[in-house]
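Here's a quick briefing to read with the structure open beside you.

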Amino acid sequence: MQTQILERMESEVRTYSRSFPTVFTKAKGARLTDEAGREYIDFLAGAGTLNYGHNHPKLQEALVDYITSDGITHGLDMWSHAKRDYLETLEEVILKPRGLDYKVHLPGPTGTNAVEAAIRLARVAKGRHNIVTFTNGFHGVTMGALATTGNRKFREATGGIPTQGASFMPFDGYLGDGNDTLDYFEKLLGDNSGGLDVPAGVIVETVQGEGGINPAGLDWLKRLESICRAHDILLIVDDIQAGCGRTGKFFSFEHAGILPDIVTNSKSLSAYGLPFAHVLMRPELDKWKPGQYNGTFRGFNMAFVTAAAAFKHFWSDDKLERDVQRKGRIVEERFTKIAAWLTERGHEASERGRGLMRGIDVRKGEIADKITAKAFENGLIIETAGHDGQVIKCLCPLVISDEDLLEGLDILERSVEEAIG
Ligand code: PLP
């Protein structure tokens, strides 16, 4: 397989091609095929970008029809019928049935663009600079978002420029069992001498993805919401990885019954792997002046088309939600078994997650790497997360067939035995 040009020309910054060093040519559903004709089951799914799998036929049809009918591809942020249909469908299928009333800001197309816009909006709306974020949080790598991201690997790559405007609090569970980490946050807020600048907003992932598949307790999230309300702080839920059905509800915060002031979505929002993001905000927070936050690529018409098609096809009833919860239980059971097998052999491990966002924490990055490398050899694409890459994470497409899901889990189980046994 010819890889010289790829290795020679692409910057050293590349990541996933190091874990999966082959040249992919095709993809359908939960399967990828490489140039040698080898098939792989995909438990990475674009790090949570392909919740509806690769090239879903319904979405592909909508996209092809749009392109061949000379639909608008680029139009800055001018109105198009694709944009109108997207907003209408978002409101009718996603927001209204959940009792949500949000306005939509279309920033640049990546997750970090959405986070930048969300935290900037919070600052503009509240006239305060500080944003509270949590240990192990990952919100992107542009300077504003990076300030709210915990991992040193990313924070050190600024050429010495300090990240600013964010304060870290301990995430749920960070201080061990029996500690409600919000006690600390609440205490600082009530203490004029505690050193915490009252924040404009708090940004949180309800299940931390890159930080190691750490689900926040539902009571913890409820308490976080009430602390924010009591202190006039905006609650921003970063649902870029945990949203779009990944945890078994369209929005991950639905499980806790909380109502964020601002929500960010990207990754699976386009439903087809197209770059796309939006920021949802309570209408009264829309403090932007026309053109004040701009960019050439704001709202991608092709993504409007596939996203609206996905809302109509997958979210008009609760079938997908129920299926995600069912498949989540299958993964949970198998991951628990794998974790027990490892623990019995002296490698302490445990399972955690919500819906189809699940992981096995094997405590050491080097063990997780051995297992995922073996899995790749055996035909499964699966990645790691966490501060040391110590969590093997399953982000398989939500629409994966039971057959592919079970085959993927079998490959993982065998790979653990081969790598560690
Ligand atoms: N926020 C969360 C929760 C994420 O998981 C990610 C990416 O993994 C981002 C923000 C950044 O998104 P992007 O990589 O598209 O900039």
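This is a predicted model: local features need pLDDT of at least 70, side-chain atom pairs count only at pLDDT 80 or more; totals for chains, interfaces and linings use all residues.

Residues are numbered from 1 along each chain as its sequence is written, and side-chain values use heavy atoms, with hydrogens and water left out.

**Nonpolar cores**

- A nonpolar core here is a set of buried Ala, Val, Leu, Ile, Met, Phe, Trp, Tyr and Cys residues joined through side-chain atoms within 4.5 Å.
- Buried means under 20% relative accessible area, exposed means over 50%, and partly exposed is in between (1.4 Å probe, protein chains only).
- The largest core holds 89 residues, and those with the most contacts inside it are Phe 43, Tyr 52, Phe 185, Leu 224 and Leu 412.
- Helix H11 (residues 301-315) gives the most to this core, with ten residues; helices (H or I, at least four residues) and strands (E, at least two) are DSSP runs, numbered from the N terminus.
- Leaving out residues up to four places away in sequence, Tyr 52 touches a list that includes Cys 244, Phe 250, Ala 310, Phe 314 and Trp 315; contact means heavy atoms within 4.5 Å.
- As background, nonpolar side chains tend to be buried together in soluble globular proteins.

**The seven-stranded sheet**

- Seven strands make an open sheet with mixed pairing, in the order S4-S12-S11-S10-S7-S5-S6; two strands pair if DSSP finds at least two bridges between them.
- The edges are strand S4 (103-105) and strand S6 (166-169), each of which pairs on one side only.
- Neighbouring strands of this sheet are turned by 25° against each other on average, direction ignored; axes are lines fitted to C-alpha atoms, for helices over the stretch in contact, and angles run from 0 to 180 degrees between N-to-C directions.
- Strand S7 (residues 201-204) runs parallel to strand S10 (residues 234-238) over four bridges, with Val 204 standing opposite Val 237 in S10.
- S10 also pairs in the parallel sense with strand S11 (residues 262-265), over three bridges, and Val 237 has Val 263 as its bridge partner in S11.
- Five of the five residues in S10 are buried: Leu 234, Ile 236 and Asp 238 point one way, Leu 235 and Val 237 the other.

**The four-stranded sheet**

- Four strands form an open, antiparallel sheet in the order S13-S14-S17-S16.
- Strand S13 (350-354) and strand S16 (383-385) are its edges, each pairing on one side only.
- The twist averages 35° from one strand to the next.
- S13 and strand S14 (residues 357-361) share five antiparallel bridges, and Gly 353 has Arg 358 as its bridge partner in S14.

**Cysteines**

- The disulfide count is zero, with a disulfide defined as a pair of cysteine sulfur atoms within 2.5 Å.
- For Cys 244, the nearest cysteine sulfur is that of Cys 396, 15 Å away; Cys 244 is buried at 2% relative accessibility.
- For Cys 396, the nearest cysteine sulfur is that of Cys 394, 3.8 Å away, and Cys 396 is in no disulfide; Cys 396 is buried too, at 0%.

**Salt bridges**

- The whole structure has 36 salt bridges, each being a side-chain nitrogen of Lys or Arg within 4 Å of a carboxyl oxygen of Asp or Glu.
- Glu 210 and Lys 393 meet at 3.0 Å, N to O.
- That pair links distant parts of the chain, 183 residues apart: Glu 210 is in the loop between strand S8 (207-208) and strand S9 (214-215), and Lys 393 is in strand S17 (residues 391-394).
- Glu 210 is partly exposed at 24%, whereas Lys 393 is buried at 2%.
- Arg 31 and Glu 39 form another salt bridge, at 2.7 Å, N to O.
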